[in-house]
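The paragraphs that follow walk through one protein model, beginning with a single residue and then widening to the chain as a whole. Please keep the sequence and the coordinates at hand while reading.

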Amino acid sequence: MPVLVASDLDRTLIYSAAALALTMPDARAPRLLCVEVHESRPLSYLTETAARLLADLGGTAVFTPTTTRTRRQYQRINLPGPPPKYAICANGGHLLVDGATDRDWHAGVLARLADECAPLAEVREHLTRSADPVWVRKHRVAEDLFAYLVVERELLPGDWVKELAVWAEDRGWTVSLQGRKIYAVPKPLTKSAAVREVARRTGARLTLAAGDSLLDADLLLAADRGWRPGHGELAETEWTAPAVSALPERGVLAGERILREFLRAAGEAPGTGQWP
């Protein structure tokens, strides 16, 4: 029975140029591999060492990318190693199997959203009415499941996100600020639910996870072991849990450290070695 590795991507394993956090002298900076191109421009990177580790992980465990990205955004990424059989997109709204959407899974997600939270249209209307065009650059809807804003962080009022979170809480939604994006996501739309389904299908005996944002908290709590980097929403709020390790590394080197932890834990799992 395999080990399942469910990992967030952006700012966990892959990094934009702005998120690399290359604080060392230039001559000591790690070599980088571009893994995403958008509109003919390089967009996301990991270190060459991380690329080798990820390729090794694909041969050791069931590596399942677990992202808030839409399917189209995810499919721009070209990760090292064997293509993952499973991928989770839209924060659990879509489960991909060999690159194709599992329509039964998606239909079940839509049914839960209809039963348990306010409709997307109500949230979109509130965002349109309450967000100031002075600091909002884009209004976006992802897969007709959730909404997000692209904002100018330096102009964003300090209490606006907190006020939005209170409003959303009463309607069964949650709010997350990640870089220049403010996400409004239905509470029933979770990465953890989709990961449990992958674990059921694969018969995984152990689930490992990593993530940096509030939207990853449920994923980390559902895993047998988890890791979060030294940056991001969870680090800023000092969020932790008994089975979650808070790593000191920040930026692209955190992605490298997380992959080392995945490989070590997968290799030490029962049946493959001595579990610590």
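The model is a predicted one, in which local features need pLDDT of at least 70 and side-chain atom pairs count only at pLDDT 80 or more, while totals for chains, interfaces and linings use all residues. Residues are numbered from 1 along each chain as its sequence is written, and side-chain values use heavy atoms, with hydrogens and water left out.

Thr-12 counts as buried because its relative accessibility is 0%; buried means under 20% relative accessible area, exposed over 50%, and partly exposed in between, with a 1.4 Å probe and protein chains only. Its side chain is joined to that of Asp-8 by a polar contact of 2.7 Å, a polar contact being a pair of N or O atoms within 3.5 Å, of which, within protein, one must be able to donate a hydrogen and the other to accept it, and for which residues adjacent in sequence count only if both atoms are side-chain atoms. When residues up to four places away in sequence are not counted, Thr-12 touches Ser-7, Ala-210, Gly-211, Asp-212, Ala-254, Gly-255 and Ile-258, contact meaning heavy atoms within 4.5 Å.

A polar contact of 3.0 Å joins the side chains of Thr-68 and Asn-91. Apart from neighbours within four places in sequence, Thr-68 is in contact with Ala-90, Asn-91, Phe-146, Tyr-183, Lys-191 and Leu-215.

One of these partners, Ala-90, lies in the loop between β5 (86-89) and β6 (94-97) and is buried, with a relative accessible area of 0%. Ala-90 has a positive phi of about 55° although it is not a glycine. Glu-143, in the loop between β8 (136-142) and β9 (146-151), also has a positive phi, near 55°, but Glu-143 is partly exposed, with a relative accessible area of 21%.

Where is Cys-117 placed? Cys-117 is in the loop between α3 (103-116) and α4 (120-130), and counts as buried at 14% relative accessibility. Cys-117 and Pro-186 are 69 residues apart in sequence, yet 6.6 Å apart in space from C-alpha to C-alpha. With neighbours within four places in sequence left aside, the contacts of Cys-117 are Arg-171, Gly-172, Trp-173, Pro-186 and Pro-188.

For the chain as a whole, the secondary structure comes to 9 helices and 14 strands, and buried residues make up 52% of the 276 residues. Among contacts between residues at least 6 apart in sequence, 57% join residues at least 24 apart. The C-alpha trace spans about 55 × 50 × 40 Å along its principal axes.

Technical notes. Helices (H or I, at least four residues) and strands (E, at least two) are DSSP runs, numbered from the N terminus.
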